[in-house]
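Hello,

Here is the model we talked about handing over. Have a look at it first, then read my notes below.

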Amino acid sequence: MQVQNRIIKVTVINGHGATLEEGAGQYLDILRENLGKMDYRLSGVSFVNPVYEKERDLRGKPIPFSEAGSYSGVDIRI
């Protein structure tokens, strides 16, 4: 769950995300309404499968220098 400036985004990470999403659909309006009573706003609810999330994370990570092979040159940091 992320909260910023009283705006809430909920992410549900579960292996049965599609099933949960179908079941939760009927409760989202109730959640949105009750959060509104407390002066919060629901921006969205997303359902993520942890297997797909892990694969996405692995694709975005850079390859460590030690695994990339040999290197010759000069690094300058200013």
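Gly17, Ala24 and Leu35 of helix α1 are buried (under 20% relative accessible area; exposed is over 50%, partly exposed in between; 1.4 Å probe, protein chains only). The buried residues of α1 pack against β2 and β3, with contact meaning heavy atoms within 4.5 Å. Helices (H or I, at least four residues) and strands (E, at least two) are DSSP runs, numbered from the N terminus.

This is a predicted model: local features need pLDDT of at least 70, side-chain atom pairs count only at pLDDT 80 or more, and totals for chains, interfaces and linings use all residues. Residues are numbered from 1 along each chain as its sequence is written, and side-chain values use heavy atoms, leaving out hydrogens and water.

More on the helix. α1 covers residues 17-37 and lies across β2 and β3, at about 170° to β3 (angles run from 0 to 180 degrees between N-to-C directions, with axes fitted to C-alpha atoms, for helices over the stretch in contact). A kink of about 50° is centred on Gly25; the bend is the angle between axes fitted to the seven residues ending there and the seven starting there. After α1 comes Asp39, with a positive phi near 65°.

Now the sheet. Three strands make an open, mixed sheet in the order β1-β2-β3; strands pair if DSSP finds at least two bridges between them. The edge strands are β1 (2-4) and β3 (41-48). β1 and β2 (residues 7-13) run antiparallel, joined by three bridges. Gln2 has Lys9 of β2 as its bridge partner.

Best wishes
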